[in-house]
Amino acid sequence: MASAVKKRRMGLQERKEARQGFIFVSPWVIGFLVFTAVPLLFSLYASFTNYDITSRQDWIGTRNYTNMFFHDPLFWKSLHNTLYYVVFSVPLTTLGSLLLAVMLNQKIPGMKVFRTVFYLPSILSGVALYILWQMLLTPGSGLINVMIGWFGVDGPAWLVDPVWTKPAIILMKLWSVGGGMLLYLASLQNVPEQLYEASEIDGAGPIRRFWHITVPMITPVLLFELITHLIGGFQIFQEGYVMSNDMNAPGSPVNSLLFFNLHMFLKAFKVYDMGYAMAMAWFLFVVVIVLTVANMLLSKYWVHYEGGDNR
Amino acid sequence: MKTNKALSVSLATLLGASVLLSACGSNNNNGGDDNAAAANDSAQPAEASTKKVTIDFWTFWGSETRRPIIEKIIDDFNKSQDRITVKHTYYPFGDIWTKELAAVAAGNPPDVIVNDINTTAQRADKNQNTNLTEYLKKDDVKGRFFPQLWDTVIYKDEAYALPFTTDTRMMFYNKDHFKEAGLDPEKFPTTWAELEEAAAKLDKKSGDKYTRIGYSPQYAGFDWGSIAMNFDKGLNFFGPDGKPVINDKAHVDAMNYVLANAKRIGQKNLDNFKASFGSKQANPFIAGQVSIWPDATTFYTQLRDYGQNVNYGVAPIPEAEEGSGHYSVGGGFVVEIPKGAKHPDEAWEFMKYLTDKSAQTYWAEKNFDSVANQEAANDPELLKNPVYQAAVDNMKVTKLFPFPVNAPDFLNLINPNRDAAILGQVPPQEALDKAQKDVENLLQQNAK
C-alpha cells in the first residue's frame, strides 16, 4: 500500500483542497461517529452485558438473547403484535394512499380544495390524535359504532376487546394516508400524457391504461413508500402506550397492544434492564435490515426506472 | 493517502470508543461500597460548613395549585438559615425520572429529587440513590414517619430515602342515593357481600339502559388487585418469604367477586357506561352516575371544588368476612439524594426540613395530601375535617407494596391474565395459575 501512495503524490493545491474538504465535512463526520456510530457499537457490546445504566455492566455472553428467545413470553407476544400490525397496515396504507391519489388526480373543478381536505389530517399527529380516536372508537356512543349501527350492525368493542384493538389501530392509521397520497400524486402527474394518448389510439381501456402505464411509471415511488412504511411500521410504539385500556397497564387489554418497541421501552426505562432492551433492539434491527435488503433485491423485478437502470 | 486517512480515522474512533467503554465500566464498579462513599462525603464539610451552597431540587409539582405550595416551603427553608439556598427545578411527571436517570448516569444529578415510594429499593439496588445510614446515625428521624412508609425506603436493612407523602383508599358514597334506595345512609356495608347487595339496590335503569350503577370494582381506584389483597388479609402477590402467591385461593375468590358483579350488570353495560365518564363536574360520582366510589383521600378536593351539592359519606374499605380486616392500599412519594449528588450533606438538611412537622403540616393543609409525618398528619386543625380524620384513621389498615427488586415488572405479567379472566376468555383459576407460572419464570430469569 505504501508504494501505491508513493505512485501518485498530490500537488500542493490538490492537498490544500483535500484538507479544506475534510475540514468542511468534519462536523458531519464527527457528528456521525460520536452520536451514531459509537452509540450503535456500544449498544451492540452492551447487549451482551447486564448493563443497567447505573450499577453494573458485566459480560454475560448471549444470556440476553437466550432469555429473549426461550424464556420471555412477552417477547414473542410483542413480536407477534408488531408483525400483525405491519402485515396489515403497510399494504392497506399503500393501497389507500394510491387510491386517494388516483382519485385526486382527476380533472374536475375545485380539486385543489379536495386535495387540501384529504391532506389535512396528516398534519395532525401525536397524542391529541390518539385521544380523539379513543373517543371515536368508544364502543357504545363513539361516532364509528354509531355509524356502523345505521346499517343495523352492532359494532365491535374496538379498544376494549383484545381481538379488535389492532384492527382499530390499523384503521386509525389510515387517517394519515394523505402524506403518501402527496408523493403518489406528484409522480402520477409526471407520467407523460402521450403514453396515454398512444395507448388510447391502440384501444386500451382505462383499467389497462392504469395497469400498464400508470403503475409501472410510479413503481419507484411505490418502492420508496413500501420501504419507509415497513421501517416505520416496525417502530410502532406510542399507540400501545397511550391507547391502552388501563392507564397502569401499557399495551392492555391482554397485552394485545404490547408492541415490540413498547416492551423494549418498558424493559429499558421501567426496570432498567438496558442490556436486554439493547439485545431486543439489535434483533429488530436485523429483521428490518433483512426485509429492506430483500425488498431492494426484489425491486429489480418490478420497479421500472424511466431512463435506464443506473438510478 | 486517502485510504490511510480513512484507516486512521476509524482506528481513532475505535480507540475513542474503547476509552469510553472502559470509563463507563470503571464508573460503575463502586456499586458495593455505598457506605464508604457516604462516609467520605460527610467527612469533608466539617471545615467547609461555613461556605454558602446552592442545591438543586427537582419536583414534578408545577401546577398552579402545587407550585406555590412547594415554593413557599423552599422559601421558608432558605430564610430559616443563611448557608444553603435551594433552587427549585420543575419537570413534568412524564419526564422527570428519565431525566434523572440520564443525569445520574452522566454524574451530574440534582441534589434532592421527589420519587416514587414503591420503587425506592429498586433504585437502591441499581445504585441510583444515596444510602442514608450515616446521616440517620446523626439525626434519627425514623420515628417521624408512619411505620409502613418507613419500610418502603429500606433496602437490605438500610434507608435510601425519606417518605414525603402517601395516600390511602376509602369508600366515598352518596348518602342521598342510599336514602332513596332504602339503605341507612349512616351505615356503610362492612363486608364485600353486603356491599354487592347494597349495590344492586342502588342501580337505576331506564328501559334496559343503566342510568346509575351502584358500584363496580371495575370503576375507580380499587380494582381486582386491591380487592385480592383485602381478601387475603393484606398479603398481596408475594408471601412473607418473597415467593409469589398469585394463584392464592383468596385471589381467585376476589376475581369471582369482580366477575359476579360484571355478570349481574353485564360487562358490555359496564364498558358502555364507563365510556360516558368525565372529569371535574362530570366525574361519575359527582354527576351521580355511580353511588359508591373508592378513591384516594385527595378525591375530597374534587368534591370540594366541583361537587358542593353531593351529600356524601366516607367509609373504610369493606372486609372479606366479619373481622378479617378493612385492608386498604396506599402509595406515595419520597425525597432522596440521587447517587453522585454534589452536596449530599446540604441535601440531607433540606430533606429533614421537608419531612419535619411544619413543612408537612403546611403541605397537608394546602394540598389535602396524606403526609408521611405522623405528628403533622395528626395536627388538630387538620383533623377537624371529617374526611381527613377518616384518612388518618385509615392509615392503620393501609398497606404499601413496594415492587420486589428481583421482579420489578411482575405486574406486566399479571395484568394480561387478569384482563383475560375479566373478559371471560379464561376461567379465573386458570388465568391466575398462568400468572403465577409467568412470575415464577421471571424470578428464575432474574436470579441467574
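Which residue of chain A forms a salt bridge with B:Lys268? The partner is A:Asp154, and the closest N and O atoms of the two lie 3.5 Å apart. Keep in mind that this is a predicted model.

**Where chain B meets chain A**

The contact draws 42 residues from chain B and 39 residues from chain A. Together the chains bury about 3500 Å² between them, and carbon and sulfur atoms give 61% of that area. Four salt bridges cross the interface, and 10 residue pairs are in polar contact there, both residues having pLDDT 80 or more. On the side of chain B that touches chain A, six elements each supply at least two residues: helices H1, H5, H6, H13, H20 and H21 of chain B. H1(B) gives the most, with 10 residues.

**A look at some salt bridges**

Side chains of opposite charge can pair when their charged atoms come close. Over all chains, the count comes to 32 salt bridges. Here are some of them:

| Salt bridge | N to O distance |
|---|---|
| B:Lys268 and A:Asp154 | 3.5 Å |
| B:Lys126 and A:Asp52 | 3.4 Å |
| B:Arg169 and B:Asp167 | 3.5 Å |
| B:Asp223 and B:Arg418 | 3.5 Å |

Take B:Lys126 and A:Asp52, which meet in a salt bridge. B:Lys126 sits in the loop between H6 and H7 of chain B, while A:Asp52 sits in the loop between H2 and H3 of chain A, so the pair joins two chains. Both B:Lys126 and A:Asp52 are buried. Likewise, B:Arg169 and B:Asp167 are both buried.

The salt bridge of B:Asp223 with B:Arg418 links distant parts of the chain: B:Asp223 is in the loop between S9 and H11 of chain B, B:Arg418 is in helix H20 of chain B, and 195 residues separate them. B:Asp223 counts as partly exposed, at 30% relative accessibility, whereas B:Arg418 is buried, with a relative accessible area of 7%. Through shared partners, salt bridges join A:Asp246, B:Asp223, B:Arg418 and B:Asp419 into one network.

Which residues of helix H10 of chain B are buried? They are B:Trp192, B:Leu195, B:Glu196, B:Ala198, B:Ala199 and B:Leu202. These residues lie on the same side of H10(B), because they cover an arc of only 165° around the axis. The face turned away from that buried side carries the exposed residues B:Glu197 and B:Lys201.

Technical notes:
Residues numbered from 1 in each chain as written. Chains lettered and ligands numbered in written order. Predicted model: local features only at pLDDT ≥ 70, side-chain atom pairs only at ≥ 80, totals over all residues. Heavy atoms only, no water. Contact = heavy atoms within 4.5 Å. Buried area = accessible area lost by both parts, 1.4 Å probe. Salt bridge = Lys/Arg side-chain N within 4 Å of Asp/Glu carboxyl O. Polar contact = N/O pair within 3.5 Å; in protein donor to acceptor, adjacent residues only side chain to side chain. Helix = DSSP H or I, 4+ residues; strand = E, 2+ residues; numbered from the N terminus. Buried < 20%, exposed > 50% of the residue type's maximum accessible area, 1.4 Å probe, protein only. Arc of directions from axis to C-beta.
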